[in-house]
Amino acid sequence: MDSAHLGDDLDHVLYTQEQIHARLEELGKEIWADYHDKEVLLVGVLKGAVLVMADLMRALPGTVTMDWMAVSSYGSGTKSSGVVRILKDLDTDISNRHVLIVEDIIDSGLTLNWIRSNLLSRNPASLEICTLLRKPEAAKVEIDCKYVGFEIPNEFVVGYGLDFDEKYRNLRDIGVLAPHMYS
Ligand SMILES: O=P(O)(O)OC[C@H]1O[C@H](OP(=O)(O)OP(=O)(O)O)[C@H](O)[C@@H]1O
Ligand code: HPA
Ligand SMILES: [Mg+2]
């Protein structure tokens, strides 16, 4: 779906699909420089990270594997509840594996803070995080994130996997949702 088809649902477009793809290509190069001599396992967080995973993994020029976790902290609103539930656990034993978590967004940081400590308790060889978006002003906990696509203002964004009430994930661009859509 293109932003032009959305009428006034969006306040404005933040990043176009071209800008997103270009940034993921750059991140792919950085990541590959760090992991080319290791077997990296990409761990995506469902559902928001599906499109980031699809494009990031294709930006990596050698063999990688992937696995998925599903957790929920947002429900249908625009604020994190901070209560994280595992909806689907990994299929892979990550002990002694080099794990790179792939996320769409770090907002309050509560979700990744929880996932990070959960995965660390499984004794991976290393654990790093790649997120396409981060909202520095919204942080409730500081997350040590090695690969960040874009730092964005503290506004609710949709598109490229990011939803509001499960909608807009198929929007090609990333945009700021118009406040009249949720207030
Ligand atoms: O930093 P936080 O404030 O914790 O927010 C970030 C998390 O919230 C969203 O997931 P959500 O729980 O909405 O599930 P979804 O990926 O299925 O949309 C997003 O994909 C991140 O996982
Ligand atoms: O800004 C956001 N948009 C969509 N989903 C989210 N989950 C956390 N923050 C956001
Ligand atoms: Mg969501």
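1. How many nonpolar, polar and charged residues make up the shell around ligand 2? By class, there are six nonpolar, no polar and two charged residues. Here Ala, Val, Leu, Ile, Met, Phe, Trp, Tyr, Cys and Pro count as nonpolar, Asp, Glu, Lys and Arg as charged, and the others, Gly among them, as polar. The shell has eight residues, and the closest are Ile105, Asp107, Phe156, Val157 and Leu162; a residue is near the ligand if its C-beta atom, placed from the backbone, lies within 6 Å of it.

2. A word on conventions. This is a predicted model, in which local features need pLDDT of at least 70 and side-chain atom pairs count only at pLDDT 80 or more, while totals for chains, interfaces and linings use all residues. Residues are numbered from 1 along each chain as its sequence is written, with chains lettered from A and ligands numbered from 1 in the order in which they are written.

3. The protein chain has three helices and nine strands, that is, DSSP runs of H or I (at least four residues) and of E (at least two), numbered from the N terminus. Along the sequence they follow the pattern β-α-β-α-β-β-β-α-β-β-β-β. The radius of gyration, over C-alpha atoms, is 16 Å, close to the 16 Å of the globule rule for 183 residues, so the chain is as compact as a globular protein of that length; the rule is 2.2 Å times the number of residues to the power 0.38.

4. Do have a look at Ile105, one of the residues closest to ligand 2. Ile105 is found in strand E5 and counts as buried because it has 24 C-beta neighbours inside 10 Å; the cut-offs are 20 or more for buried, 12 or fewer for exposed, and partly exposed in between. Its contacts (C-beta atoms within 7 Å) include Gly48, Thr131 and Leu162. Gly48 is 57 residues away along the chain, yet the two C-alpha atoms are separated by 8.1 Å.

5. E8 joins E9 (residues 174-177) over two bridges, and Val158 has Gly175 of E9 as its bridge partner.

How values were computed: Two residues are in contact if their C-beta atoms, placed from the backbone, lie within 7 Å. Two strands pair if DSSP finds at least two bridges between them. Lists of a residue's contacts leave out its neighbours within four places in sequence.
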